[in-house]
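Hi,

Here is the structure I promised to pass on. Please have a look at it, and then read my notes below.

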Amino acid sequence: MIARLHTPLVRAAFRQFPVVVLTGARQVGKTTLARALLPRARYVSLDHPADASQARLAPDEFLIRWPAPAILDEIQYAPELFRHLKTIVDQDRRPGRYLLTGSQTFALMDEVSDSLAGRAAVLNLPPLSIAEALTVTLRP
């Protein structure tokens, strides 16, 4: 894995907030970074149609199936989860409960702003920087 400059920032946010939302363009390494930072957390990708469907149609049951600490990847496919996450976080505000990843869409950001205001840190992961790319050792 390429060492990302945002790693300390994401780690610090996860120690301070119940929810961290990691956004960014496609293929910038959101999932890789999330899984590297939280190797013991439960992981589910809502890119999988059955999981996204359950999250949309039965969000309470979905969150029981995927309790904290958990990485909910591709959260933009189930915006219905945000209000339910708010309820869960309001009952227990301990930091480091959920790390959400998703493409930066206006709908996603509206849901985060409305439902998780004050409960979540929102961080944007940019594409690989030149400094990060230079740390990669080329192998034949």
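The chain holds seven helices and five strands, where helices (H or I, at least four residues) and strands (E, at least two) are DSSP runs numbered from the N terminus. Their order along the sequence is α-β-α-β-α-α-β-α-β-α-β-α.

This is a predicted model, in which local features need pLDDT of at least 70, side-chain atom pairs count only at pLDDT 80 or more, and totals for chains, interfaces and linings use all residues. Residues are numbered from 1 along each chain as its sequence is written, and side-chain values use heavy atoms, with hydrogens and water left out.

Of the 140 residues in the chain, 42% are buried (under 20% relative accessible area, 1.4 Å probe, protein chains only). Among contacts (heavy atoms within 4.5 Å) with a separation of 6 or more, 78% join residues 24 or more positions apart.

Now to the largest pocket, which contains about 280 Å³ of space. A pocket here is an open set of points on a 1 Å grid over the protein atoms alone, where a 1.4 Å probe fits, with protein on both sides within 12 Å along at least five of seven lines; lining residues have an atom within 4 Å of a point. The volume is the space filled by probe spheres set on the points.

Which residues lie nearest its centre? They are Arg-26, Gln-27, Lys-30, Thr-31 and Glu-74, out of 14 lining residues. Helix H2 (30-37) and strand E4 (98-103) each supply at least two residues of the lining, and H2 gives the most, with three.

Best wishes

Note on methods:
Buried means under 20% relative accessible area, exposed over 50%, partly exposed in between (1.4 Å probe, protein chains only).
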